[in-house]
Protein chains: 6
Amino acid sequence: GRAYHLGLRKGDVPKYVLMPGEVERASRIASSWDRSWRLAQRREYSSFRGVYRGVDVAVVSTGIGGPATAIAVEELLELGADTLIRVGSTGAIQDDIEVGDIIITTAAVRMDGTSYQYAPAGYPASASYEVIMALVEAAESLGVRYHLGITASTDSFYVGQGRPGYGGYMPSWSRNLVPDLRQMRVLNFEMESATLLTLANIYGFRAGAVHAVYAQRVKDEFVAHAGEENLIKVADEAVRIL
Amino acid sequence: GRAYHLGLRKGDVPKYVLMPGEVERASRIASSWDRSWRLAQRREYSSFRGVYRGVDVAVVSTGIGGPATAIAVEELLELGADTLIRVGSTGAIQDDIEVGDIIITTAAVRMDGTSYQYAPAGYPASASYEVIMALVEAAESLGVRYHLGITASTDSFYVGQGRPGYGGYMPSWSRNLVPDLRQMRVLNFEMESATLLTLANIYGFRAGAVHAVYAQRVKDEFVAHAGEENLIKVADEAVRIL
Amino acid sequence: GRAYHLGLRKGDVPKYVLMPGEVERASRIASSWDRSWRLAQRREYSSFRGVYRGVDVAVVSTGIGGPATAIAVEELLELGADTLIRVGSTGAIQDDIEVGDIIITTAAVRMDGTSYQYAPAGYPASASYEVIMALVEAAESLGVRYHLGITASTDSFYVGQGRPGYGGYMPSWSRNLVPDLRQMRVLNFEMESATLLTLANIYGFRAGAVHAVYAQRVKDEFVAHAGEENLIKVADEAVRIL
Amino acid sequence: GRAYHLGLRKGDVPKYVLMPGEVERASRIASSWDRSWRLAQRREYSSFRGVYRGVDVAVVSTGIGGPATAIAVEELLELGADTLIRVGSTGAIQDDIEVGDIIITTAAVRMDGTSYQYAPAGYPASASYEVIMALVEAAESLGVRYHLGITASTDSFYVGQGRPGYGGYMPSWSRNLVPDLRQMRVLNFEMESATLLTLANIYGFRAGAVHAVYAQRVKDEFVAHAGEENLIKVADEAVRIL
Amino acid sequence: GRAYHLGLRKGDVPKYVLMPGEVERASRIASSWDRSWRLAQRREYSSFRGVYRGVDVAVVSTGIGGPATAIAVEELLELGADTLIRVGSTGAIQDDIEVGDIIITTAAVRMDGTSYQYAPAGYPASASYEVIMALVEAAESLGVRYHLGITASTDSFYVGQGRPGYGGYMPSWSRNLVPDLRQMRVLNFEMESATLLTLANIYGFRAGAVHAVYAQRVKDEFVAHAGEENLIKVADEAVRIL
Amino acid sequence: GRAYHLGLRKGDVPKYVLMPGEVERASRIASSWDRSWRLAQRREYSSFRGVYRGVDVAVVSTGIGGPATAIAVEELLELGADTLIRVGSTGAIQDDIEVGDIIITTAAVRMDGTSYQYAPAGYPASASYEVIMALVEAAESLGVRYHLGITASTDSFYVGQGRPGYGGYMPSWSRNLVPDLRQMRVLNFEMESATLLTLANIYGFRAGAVHAVYAQRVKDEFVAHAGEENLIKVADEAVRIL
């Protein structure tokens with residue numbers, strides 16, 4: 001059936017699914033619930049189900065990038081999910097965002113390849129306003145410092161985000177990347193939201209994305225897992241609200 | 001100064017501005033308020049100011065299309081506006097939308113030219129979730145039948161929306177246009193929202209769009225001004241809520 | 001019928017139609033004829049008919065930009081027009097062009113969105129050589145200073161023409177715009193000719209464009225309505241010649 | 001120096017240069033003049049100089065395609081030429097054009113690669129109106145049947161013009177090619193005009209193109225050298241007129 | 001340091017690295033060697049080192065898609081690897097390829113997003129001829145049935161490879177995908193080779209790709225792990241030969 | 001029949017055909033064989049047949065650029081050829097390549113127009129690994145200094161290769177061309193390989209390309225025919241090996 005890659009069957013997943021990129025974050029999210037149990041572990045798809053404050057919820061890691069994310073989305077829809085929230089890590093490109101802060105994505109810049117195989121260039125990768133509201137309400141109620149705005153989703157962690165590649169590779173177009181996106185009020189770089197949000201609009205399910213800031217690109221700061229605990233709390237609470 | 005095209009000066013406009021495409025709708029909107037007076041009339045830019053239920057509000061018509069709309073937006077920002085709502089008419093391409101219904105745009109497909117002179121292809125033309133919420137709340141409280149979703153903004157009323165041009169002109173690519181967009185859950189065609197919403201994200205102001213369905217493209221029905229009264233009520237109420 | 005937006009009926013317009021962008025210029029053009037009367041005023045479409053030196057002629061304003069212009073063109077063809085001449089204002093980007101000079105467009109750079117919904121990227125937006133000849137002859141006979149060459153038609157008056165947008169917005173690509181176009185011998189910027197001339201080639205009608213220079217972008221000079229009187233005389237005379 | 005490929009020196013060429021694609025047509029053109037002598041023969045560049053009715057003229061073959069044509073143009077400009085007229089053969093795609101007819105190009109669809117290395121997509125490949133006029137006048141005065149309109153210049157004689165390639169190769173996009181271009185009133189296919197006319201606009205020299213119809217693609221007729229004699233007469237006369 | 005995602009340090013990897021997409025295949029490959037031990041397991045990056053017939057070799061899984069693959073490549077180069085061979089599974093689109101056969105990629109069609117963030121559209125994703133030779137020699141010596149040719153690397157397993165998406169989603173462009181690629185002699189679909197081979201050409205390391213056919217798309221057959229044993233043998237042997 | 005442009009008939013050409021761009025090089029290649037005789041001379045297509053060390057071989061010049069090359073390829077395939085090797089001249093852009101050196105192309109950057117009329121942007125222009133091997137073996141056995149790598153094939157000798165055009169024309173994008181390609185390890189510029197190698201992959205014939213370095217672009221050196229003798233020897237030997 002459709003869930004070939006995830007290794008899941010109908011009935012395995014509830015309506016709400018959290019989707020971290022990192023395989024290991026899936027288990028950390030599951031641990032944050034009142035109860036949880038493993039569903040499957042195949043390729044980069046680690047899945048758990050559980051209950052958070054009385055709400056049935058699952059988590060499925062997507063791995064890095066749009067191609068792996070789209071497979072997870074296609075198969076989760078087939079299994080009956082209808083509200084998918086990315087729970088990711090990110091690098092910020094605006095001055096006023098600190099390492100450890102939370103970023104709630106209102107819409108994504110489609111700098112991935114996957115979304116273009118689903119929809120032409122101008123189609124919007126926008127989050128569901130209901131998911132945005134729930135994430136904002138969760139962050140507010142938890143007193144977590146957050147930012148709300150546009151996220152750029154790229155297909156390359158190094159050159160595609162304006163970092164030099166191996167041996168200092170830096171073609172001319174990559175040099176304008178960060179300054180242009182900063183001018184356009186883009187808050188941060190990551191690698192999965194554009195795919196998720198484009199598919200959400202095409203297929204009519206609700207989706208959103210929330211990120212913890214591990215890297216501050218302007219100040220060249222990096223703290224692995226900074227804000228991850230807050231990130232998971234905000235995501236869990238948003239599910240409860242939705 | 002900046003307001004060369006609009007013929008307005010600093011202080012002329014409040015924070016909230018309604019933006020119909022049709023020049024004549026500007027005066028109909030102004031008439032719906034408790035008090036209103038004309039500001040200016042230049043080119044396609046007809047402007048009024050007034051008070052609706054105690055809220056200072058203005059209306060400025062944009063004319064048809066992104067080029068004229070972007071000029072209005074640039075000059076209104078310079079004048080101090082920070083919440084812009086398009087109040088337009090539209091053609092629906094989904095079966096379940098009736099002539100006279102209201103469509104609230106969550107995000108737009110950028111099939112205009114203007115937004116590409118401001119931002120690269122993948123940048124999202126998404127509405128502010130606060131404006132979406134206010135429009136939904138307004139429509140609900142007024143009991144107006146509405147639909148919420150993606151809008152396609154084109155630069156051509158005829159060929160660019162899948163209608164035959166003069167003499168039946170219908171190049172191959174225009175024949176897949178409507179079927180593809182319907183599959184992608186696009187609700188409707190119009191010609192200004194993508195530009196407005198792209199500029200809103202770049203410049204950091206709040207924006208949204210609401211439309212009355214004059215044309216039902218699937219059933220080939222058309223009623224001029226169908227639902228316009230409801231449209232104006234919803235827009236006015238949304239301003240009050242915001 | 002087809003003339004939904006213009007508010008005109010078959011028989012209302014003769015073969016020759018002048019097409020200013022500015023709504024108000026339509027009446028100034030009509031006033032320059034021996035006799036004239038208003039046809040309609042809808043949205044940005046202000047129309048007059050009249051007689052100039054024995055020739056039946058009409059004027060229909062297009063509003064700003066390709067989207068509004070294409071609607072006017074589609075509907076005028078349906079009504080029987082076959083020779084359309086844009087009578088516009090413009091900003092010059094070459095040193096030797098002065099404010100108040102006249103520019104006759106031989107062909108346009110398609111930096112609009114509308115023409116791409118009618119024809120693929122390489123299709124030429126070239127003026128009819130007969131209209132070019134008539135405009136040149138008119139300018140020569142009137143002793144008006146004119147320039148003949150390529151015009152760039154954009155969909156954005158500010159950022160798309162290399163001017164900073166709100167808050168100084170100036171993405172990297174907009175900085176090379178004017179220097180590159182100057183090198184390619186482009187004379188001027190405006191916002192309607194590319195659409196008009198592309199449609200003329202597709203639909204097989206005669207078209208041309210003539211502009212008065214209001215802005216000198218190299219010297220940063222601007223005089224509203226500079227050369228407008230000459231502009232109108234040249235356009236009127238060209239109609240007589242054609 | 002610049003004329004590396006052509007094998008010519010300053011002073012070798014006059015202002016007017018005829019440019020056939022076929023190497024052998026260069027000598028047939030030279031033979032049509034009152035006097036002529038060979039200049040050089042290098043690669044696909046066969047050149048002659050001569051006098052036609054008292055006018056100094058040269059002919060330089062370009063070989064097939066934009067890449068070879070652009071080299072000839074660059075080097076001829078360096079040598080002082082300022083009016084270049086392509087004298088080519090072509091395949092017609094409209095019903096009313098017969099084998100042996102003459103086609104005068106007003107502008108070309110840029111389906112070549114070369115012109116894009118000189119100018120962005122929307123830049124027009126339009127002929128000089130003076131050259132168009134001279135060609136029309138020449139054809140009229142000689143009583144030659146001619147057509148005036150848009151020419152599509154491709155980089156591929158087989159697949160790029162909608163003919164099946166080796167083994168019947170016919171990808172999906174090539175099947176809409178001819179029907180779409182016919183709808184857009186394109187008269188004919190050839191392989192050099194777009195490059196020539198784009199460079200003419202960039203560099204500010206006069207250029208045009210005239211073709212003899214060897215192939216009628218709609219009726220699947222082909223006669224090698226049909227109309228070539230008329231073609232050469234029209235080109236020669238146009239030079240005299242210019 | 002650079003190996004942030006892989007969790008490896010300098011000295012951990014030898015020159016030759018095999019790169020399966022599937023996390024679990026990494027351990028199956030390691031098991032095929034004479035000796036092997038785990039290096040790390042982070043996200044989708046499972047790594048082992050070992051010795052095959054006296055040659056030092058490592059395996060690092062890439063996860064699905066170009067984005068995750070490029071990260072692995074960047075970090076492996078930093079660690080000193082210089083010959084990378086993808087060892088993947090694939091779906092064949094030509095009639096004469098059977099489930100369980102082996103496909104050796106000579107070059108890939110770049111239908112990914114990642115490679116475009118490293119190099120412009122025309123840059124080739126070609127395999128090193130030395131790696132191709134070694135893979136061919138390995139397959140020949142092992143008597144394994146193999147095919148040699150072009151591979152298409154997409155960013156979407158479903159819609160991007162011409163399969164219907166959720167709810168039967170099948171936009172117009174996806175319908176020509178498989179027929180066109182078959183005509184162009186493309187053998188198979190997978191999701192990582194284009195990225196790997198583009199980076200190999202940019203960075204100057206040797207790379208290749210070999211796949212086991214799990215799916216026969218023309219006959220709609222699918223056998224998970226078909227030919228995987230042969231695949232691993234061929235890859236191991238190729239390393240020995242290189 | 002198909003060989004309209006070449007002027008050849010079935011049986012005229014053997015399986016192996018050498019393809020210089022320069023018309024005159026065809027005869028120099030033929031002179032290098034044990035026996036040879038002219039086949040035809042039409043347009044830029046000069047053809048000879050002969051015997052080199054017992055192997056039947058032909059040479060057909062392609063003229064400059066992809067458009068003329070594709071015609072030759074299509075017609076040669078129709079005539080039965082199945083191994084085509086370009087034998088060209090080139091300009092090197094890497095420091096360590098000297099005038100007179102030989103470059104063997106592993107794959108080409110498609111900066112031509114022709115290949116895009118045959119295949120979409122990501123399709124690879126890669127040489128047959130058997131032809132690469134034969135060329136390497138030939139160069140090694142002859143003791144000729146050679147380089148192996150990526151070649152950029154452009155449609156413009158001047159502006160498209162980063163040289164200033166007439167009057168110093170140098171648009172912004174042409175200034176990054178050489179630095180970017182050098183960073184991507186591109187060895188050299190020429191104008192035919194991308195077309196040849198793309199068609200080889202589509203049509204399933206073997207092809208390769210070898211070039212003599214006439215120009216060293218970094219050091220601004222140029223020697224016409226430098227290394228041409230070695231070039232011809234390498235090509236001849238490769239045919240013998242294949």
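Let me start with one residue in chain E: Glu74(E) sits in helix α2, residues 66-78 of that chain, where helices are DSSP runs of H or I with at least four residues, strands are runs of E with at least two, and both are numbered from the N terminus. With a relative accessibility of 0%, Glu74(E) counts as buried, the cut-offs being under 20% relative accessible area for buried, over 50% for exposed, and partly exposed in between, with a 1.4 Å probe and protein chains only. The side chain of Glu74(E) makes a polar contact of 2.7 Å with that of Tyr203(E); by polar contact I mean a pair of N or O atoms within 3.5 Å, where within protein one must be able to donate a hydrogen and the other to accept it, and where residues adjacent in sequence count only if both atoms are side-chain atoms.

A word on conventions before I go on. This is a predicted model, in which local features need pLDDT of at least 70 and side-chain atom pairs count only at pLDDT 80 or more, while totals for chains, interfaces and linings use all residues. Residues are numbered from 1 along each chain as its sequence is written, chains are lettered from A and ligands numbered from 1 in the order in which they are written, and side-chain values use heavy atoms, with hydrogens and water left out.

Now to the interface of chain E and chain A. Here 49 residues of chain E are in contact with 49 residues of chain A, contact meaning heavy atoms within 4.5 Å. The area buried between these two chains is about 4,000 Å², and carbon and sulfur atoms give 59% of that; buried area is the accessible area, with a 1.4 Å probe, that two parts lose on being put together, summed over both. In chain E, the residues that lose the most area to chain A are Arg43(E), Gln117(E) and Tyr166(E), together 20% of what that side buries. Between chain E and chain A there are 20 residue pairs in polar contact, both residues at pLDDT 80 or more, and zero salt bridges, a salt bridge being a side-chain nitrogen of Lys or Arg within 4 Å of a carboxyl oxygen of Asp or Glu. On the side of chain E that touches chain A, α1 (23-31), β2 (35-42), α2 and α6 (193-203) each supply at least two residues, and the largest share, eight residues, comes from α2(E).

What relates chain A to chain C? Chain A can be laid on chain C by a turn of 120 degrees and a shift of 0.0 Å along the axis, with an RMSD of 0.0 Å, where the least-squares superposition uses the C-alpha atoms of residues with pLDDT of at least 70 in both copies. The two copies are therefore related as by a three-fold rotation axis, and the C-alpha of chain A nearest that axis belongs to Trp173(A), 5.9 Å from it.

As for direct contacts between this pair, four residues of chain A are in contact with seven of chain C, and the buried area is about 420 Å², of which carbon and sulfur atoms give 43%. Asp180(A), Gln183(A) and Met184(A) lose the most area on the side of chain A, together 84% of what that side buries. Two residue pairs are in polar contact between chain A and chain C, both at pLDDT 80 or more, and the count of salt bridges is zero.

Over all chains, however, a search of the whole structure finds 84 salt bridges. One of them joins Arg206(A) and Glu130(A), with the closest N and O atoms 3.6 Å apart; Arg206(A) is in strand β10 (residues 206-216) and Glu130(A) in helix α3 (residues 129-142), 76 residues apart. In chain F, Arg86(F) forms a salt bridge with Glu190(F), the closest N and O atoms being 2.6 Å apart. Arg86(F) lies in strand β5 (residues 83-92) and Glu190(F) in strand β9 (residues 186-190), so this pair ties together parts that are 104 residues apart in sequence, and both Arg86(F) and Glu190(F) are buried.

I will finish with backbone angles in chain F. Asp220(F), a residue other than glycine, has a positive phi near 60 degrees; Asp220(F) is in the loop between β10 (206-216) and β11 (221-222), and at 70% relative accessibility counts as exposed. His225(F), also not a glycine, has a positive phi of about 70 degrees, lies in the loop between β11 and α7 (228-241), and is partly exposed, with a relative accessible area of 38%.
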